[in-house]
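Hi everyone, thanks for coming. Today I'd like to walk you through one structure, starting with the overall fold and ending with some charged side chains.

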Amino acid sequence: MTEKKDFRDPKKKETEKLVHKLVEAIDEHPDKVNNYYDLGSLLTRLNDYQQAEELFMKALGIFEAKGDKDAMNLLNYGLGNLYYEIGEVNEAIKLYNKIDDSKLKADSYFMLAQSYMKKGQYKQAVAYGLTALELRPDDPEINQVIGDSLLALGEFKQAKAYYDAILKYHPGRADTQFNRGIVAMVLGEPYKDYLAQAKQLDPNYYHKSEQRLNDIEKTLQATQKKD
């Protein structure tokens, strides 16, 4: 009898194995919060949001009953990330604000900055970003969210400083190169090299963002004609 072949995608098979392994880890060690957090985070990445939410809520109930604050901090952070992912930003903000674990503070402030940026409340995003940056001064992601928020506020010179801080050590970021190019264009500085770098690093990102570039160019041309 011929052995039945498994035609499933190899990556999908690996993911299913990992999910199964984490479920087993919870069954074997129901008192270890990291097993719940890891599985909930994996389900979130797999877009299995309902199962992820149910798991985080169940785990929160377990560790709340034990009065384990460290575990609850971690689970609130995981659930906050899930809500952020599905666009329930206000719910995410409530959960990030509950976190008082020093190990998670920088991450929660960063996610608060991201959340307020998603809501278009850029001043709050800058404030939380700066607080996160005090805890992790060289983090490129934190510098990026501050730079992007300042860019959205029209604070181009300030945004430039944060983008330059990133590019000094992480020149391979297409989003930073692109936005730095926009800042340079607005400030009347040489900008084409930044945009060329962004296009080379991530052509898809560049083409998705090209309309922003065209809009800014048109605005600048209109302003120059008035002058």
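This is a predicted model: local features need pLDDT of at least 70, side-chain atom pairs count only at pLDDT 80 or more; totals for chains, interfaces and linings use all residues.

Now, the big picture. The chain has 12 helices and 0 strands. How does its radius of gyration compare with the globule rule? The value is 22 Å, well over the 17 Å that the rule gives for 227 residues, so the chain is more spread out than a compact globule. Along its principal axes, the C-alpha trace spans about 75 × 55 × 30 Å. As for the inside, 38% of the 227 residues count as buried.

Next, charges. There are 33 positive and 37 negative side chains in the chain, and the centres of these two sets lie 4 Å apart. Side chains of opposite charge can pair when their charged atoms come close. How many salt bridges does the structure hold? It holds 10.

Back to Lys103: its side chain meets that of Asp101 in a salt bridge, at 3.9 Å from N to O. Asp101 counts as buried, because its relative accessibility is 9% and the cut-off is under 20%.

Two other pairs are worth a look. Asp139 bridges to Arg136, with the closest N and O atoms 2.9 Å apart; Asp139 is buried at 15%, while Arg136 is partly exposed at 29%. In the pair of Asp175 and Arg173, the closest N and O atoms are 3.0 Å apart. Here Arg173 is buried at 15%, and Asp175 is partly exposed at 21%.

Technical notes:
Residues are numbered from 1 along each chain as its sequence is written. Side-chain values use heavy atoms; hydrogens and water are left out. Helices (H or I, at least four residues) and strands (E, at least two) are DSSP runs, numbered from the N terminus. The radius of gyration is taken over C-alpha atoms; the globule rule is 2.2 Å times the number of residues to the power 0.38. Buried means under 20% relative accessible area, exposed over 50%, partly exposed in between (1.4 Å probe, protein chains only). Lys and Arg count as positive and Asp and Glu as negative; His and the chain ends are not counted. The place of a charge is taken as NZ of Lys, CZ of Arg, CG of Asp or CD of Glu. A salt bridge is a side-chain nitrogen of Lys or Arg within 4 Å of a carboxyl oxygen of Asp or Glu.
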